[in-house]
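Reader: Please take a close look at the ligand site and the open space in this model. I would like contacts, linings and cut-offs in one connected account.

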Amino acid sequence: MLPDRSGHFDGFGGRFVSETLIFALDELEHEYAKARHDKRFHCEFAYYLKDYAGRPTPLYFAESLSQELGIKRVYLKREDLLHTGAHKINNTLGQILLAVRMKKPRVIAETGAGQHGVATATVAAKFGLKCDIYMGEEDIKRQSLNVFRMKLLGARVIPVTSGTKTLKDAMTEALRDWVTNVGHTHYIIGTVAGPHPYPAMVRDFQSIIGKEARAQILKAEKRLPDYLVACVGGGSNAMGLFYAFFKDKSVKFIGVEAAGKGLSTGKHAASLVAGKPGVLHGSKSSLLQDNSGQVSNTHSVAAGLDYPGVGPEHAYYQKIGRAQYVTVNDKEALAGFKLLSEVEGIIPALESSHALSYLKKMNRAKRKNSIIIVCLSGRGDKDLGIVTGKF
Ligand SMILES: *Cc1c(COP(=O)(O)O)cnc(C)c1O
């Protein structure tokens, strides 16, 4: 079972942090290990996932989309129907329950587009914890509606003015805050990245996606799917879907990264397809960097994919060939956004549109005979401002 005791997935992962944080990470690892074996924790988590967040989410047979694309059957795992509009709430609920168990009165988080910030502010409001969200100044300008949401929920949004003033810098500042305030603060990381135990813990909290999907597809089709397709930013919705199918060797995993304006332009966020091993935010994984090891600036039309790193377990899946990683550019993603809206009446998040759009790039003969599950990680309401005027 990976990760090993030191938090490594065959060389990726681990803990590259200061001494002060080792203590906090040990405390978290210990508390999480206890919670994993505690029936009460599982009951509580299951209760909030169901009655607060809205699980289980449907596995919807998208008949019109299947016809349109010449695919035998496409199913959509409808994480877009969850409270706050995306899969992120699964993880924030799990972590806030841990924060309460550790008796921490304050939580912090990083956010790019504001989706993880909103999901964190939501659970902090529900459980009565103080909440500070780090957000790049540039993102604050681009995502004013989510900033307003977080404030309504009682959180403080702290502008980050260093670096490119985006997600990567927000995460750096959040880690810095945590070092100073470990005694009374829990840091809710929003994806399967960061130092051990975050990658494994966030994966476990998100693995409900694949557990449900596996049971649902077996009920609907009496067999396993041929492909799982999900977009990869930090990698949490993809890992959440893939994990329960890991041992099902006939099920192929496809992770879709953002090619932005094109891989050759350098303006993209394809950390696995175009990255090299490196360390960022406390763990070793595949990383976009220049020849001297400087972390690259990224671009994607989907703010949730706009991150130079990726969870270490994906780097491991890539290395052992368990998953294939591919890319979809901004333009193709926008076409996927439009297509799903028009043929199924479902407006997807721009992140999820990358996964949808990849279906068009799959080999025709292969897709004609395939049953495919796509993770619809979120809904597109948040993106309407970005796509306005693009069609
Ligand atoms: C944040 C986000 C993502 C990207 O994050 P992962 O950790 O890669 O899942 C994808 N889709 C939506 C809707 C998001 O909000």
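**The ligand and its surroundings**

The ligand has 17 residues around it, and Lys-88, Thr-191, Gly-235, Ser-236 and Ser-377 come nearest. A residue counts as near if one of its heavy atoms lies within 4 Å of the molecule. This is a predicted model: local features need pLDDT of at least 70, side-chain atom pairs count only at pLDDT 80 or more, and totals for chains, interfaces and linings use all residues. Residues are numbered from 1 along each chain as its sequence is written, and side-chain values use heavy atoms, with hydrogens and water left out.

By class, the shell holds four nonpolar, eleven polar and two charged residues. Here Ala, Val, Leu, Ile, Met, Phe, Trp, Tyr, Cys and Pro count as nonpolar, Asp, Glu, Lys and Arg as charged, and the others, Gly among them, as polar.

Now the polar contacts (pairs of N or O atoms within 3.5 Å). Thr-191 has a side-chain N or O atom 2.6 Å from a ligand oxygen. For His-87, a polar side-chain atom lies 3.0 Å from an oxygen atom of the ligand. Gly-234 uses its backbone: an N or O atom there is 3.2 Å from a ligand oxygen. On its own the ligand has 380 Å² of accessible area, and the protein covers 96% of it. That area comes from the Shrake-Rupley method with a 1.4 Å probe.

The ligand sits in the largest cavity; to sit there, more than half of its atoms must lie within 2 Å of the grid points. On a 1 Å grid over the protein atoms alone, a cavity is a set of points where a 1.4 Å probe fits but cannot get out, while a pocket is an open set with protein on both sides within 12 Å along at least five of seven lines; lining residues have an atom within 4 Å of a point.

The largest pocket holds about 920 Å³ of space. Its lining has 37 residues, with Tyr-32, Arg-36, Arg-203, Asp-204 and Tyr-243 nearest the centre. Helix α2 gives the most, six residues. By class, this lining has 21 nonpolar, four polar and twelve charged residues.

The second largest pocket has a volume of about 230 Å³. It is lined by 13 residues, and Thr-84, Gly-85, Asn-146, Arg-149 and Arg-379 lie nearest its centre. α5 (115-127) and α7 (144-152) are the elements that give two or more residues to this lining. Its classes are three nonpolar, six polar and four charged residues.

Conventions
A polar contact is a pair of N or O atoms within 3.5 Å; within protein, one must be able to donate a hydrogen and the other to accept it, and residues adjacent in sequence count only if both atoms are side-chain atoms. Grid points are joined across faces, edges and corners, and a volume is the space filled by probe spheres set on the points. Helices (H or I, at least four residues) and strands (E, at least two) are DSSP runs, numbered from the N terminus.
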